[in-house]
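I open this entry to record what I looked up on charge pairing and helix packing.

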Amino acid sequence: MEKQLHLNLLASRPPMAGGFQSGSKMKMGPGRKRDFSPLPWSQYFETMEDVEVENENGKDIFRIYCSGSHGPVLLLLHGGGHSALSWAVFTAVICSRINCRVVAMDLRAHGDTRVKNPDDLSADTMAKDIGKVVEALYGENPPPIMIIGHSMGGAIAVHTAIANHIPSLLGLCVIDVVEGTAMDALNSMQNFLRSRPKTFKSLENAIEWSVKSGQIRNMESARVSMGGQVKKCEESTSSPGVSNSIGEGIIEEEEDEEAEEESNKKRMKEDDQEIKKESIFTWRVELSKTEKYWDGWFRGLSALFLTCPVPKLLLLAGVDRLDKDLTIGQMQGKFQMQVLPQCGHAVHEDAPEKVADALATFMVRHKFTEFKEGYLC
């Protein structure tokens with residue numbers, strides 16, 4: 001049971017008994033139909049842009065979403081299989097709390113980022129990506145930056161900080177990733193990934209699954225973020241679990257060229273086939289193929305985290321996640337920790353207000369920024 005609860009340090013927590021969880025925002029009146037329609041990024045971020053960075057083989061293009069015009073930069077790194085959109089609701093909340101700028105990026109091989117070598121997901125390469133994007137955005141004199149990472153993104157945030165890829169680093173916030181439990185969970189990770197649906201008939205269907213399975217316990221966040229986790233299948237009719245009947249009656253010779261009615265019917269069938277093709281979705285990232293990098297992301301992470309020479313905040317979904325090194329470090333006051341109960345692994349999606357409050361209080365306490373005028377903490 002212990003291992004099962006920690007399987008999601010790369011993806012998200014497996015379904016738990018009982019459907020909707022106690023921390024869920026799914027409570028609705030009897031008879032009301034739940035709305036699983038997707039929400040646009042523009043409802044939460046101010047701008048979206050693609051940042052080009054040079055590499056040995058040419059150019060890589062990283063998708064980023066931004067909000068805010070002044071204050072320190074919050075650089076947000078998502079978990080494995082997720083995208084920058086997982087920070088959407090959190091971004092809207094934190095920008096209402098403190099003076100800050102937000103930059104949420106799709107890491108390599110995730111979301112809408114396009115790189116020459118998407119198979120290289122080593123911690124070293126991904127940490128260098130962060131530094132290159134910061135340099136492309138701000139040049140040689142970047143503003144003060146607070147790096148915040150969830151799960152895999154938390155591990156990459158630590159590696160980025162240790163390698164000093166961000167010279168203006170203010171602080172570090174890691175969300176629900178701890179070396180001990182992550183390493184324990186890796187043995188069972190493939191079984192969890194195999195248990196997930198391989199395809200969804202629509203984006204709405206994927207959103208519904210994410211909420212009902214407990215992967216994301218906040219309906220609003222699921223509606224904006226799942227579009228970053230799944231994509232339309234390129235060859236929908238041959239995808240696993242897709243009925244071959246989609247194509248039945250479509251590929252046929254037109255027997256009567258002069259029969260306009262028959263021709264119209266055929267076109268309608270073809271149009272219907274295209275609609276059905278477009279409605280088949282699958283995962284953007286095949287996490288099972290990233291297994292060779294898992295050890296490098298998490299092994300030695302606690303020691304690295306403790307040696308980062310900046311103020312540190314660790315946000316966890318449960319105190320049981322602490323390993324020995326972090327327990328000792330926390331007792332010695334080497335970092336600040338806060339446990340946010342009634343959350344799944346996607347803490348910042350399940351409870352964006354609580355995460356924003358914890359981060360805002362941390363940053364104001366360290367005099368990194370100030371609360372916005374009129375905001376009562």
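I counted a salt bridge where a side-chain nitrogen of Lys or Arg lies within 4 Å of a carboxyl oxygen of Asp or Glu. The model is predicted, so local features need pLDDT of at least 70, side-chain atom pairs count only at pLDDT 80 or more, and totals for chains, interfaces and linings use all residues. Residues are numbered from 1 along each chain as its sequence is written, and side-chain values use heavy atoms, without hydrogens and water.

Entry 1, salt bridges. I looked up Asp-295 and found its side chain in a salt bridge with Arg-299 (2.7 Å, N to O). By the rule above, the count comes to 13 salt bridges.

I next looked up Asp-35, which pairs with Arg-223 at 3.1 Å, N to O. Asp-35 lies in the loop between α1 (2–5) and β1 (47–55) and Arg-223 in helix α7 (residues 219–225), so this pair ties together parts 188 residues apart in sequence. For burial I used relative accessible area (buried under 20%, exposed over 50%, partly exposed in between; 1.4 Å probe, protein chains only). Arg-223 is buried at 15%, whereas Asp-35 is partly exposed at 37%.

Asp-112 and Arg-63 meet in a salt bridge of 3.3 Å, N to O. Arg-63 is buried at 11%, and Asp-112 is partly exposed at 28%. Salt bridges that share partners join Asp-50, Arg-63, Asp-112, Arg-114 and Arg-284 into one network.

Methods: Helix = DSSP H or I, 4+ residues; strand = E, 2+ residues; numbered from the N terminus.
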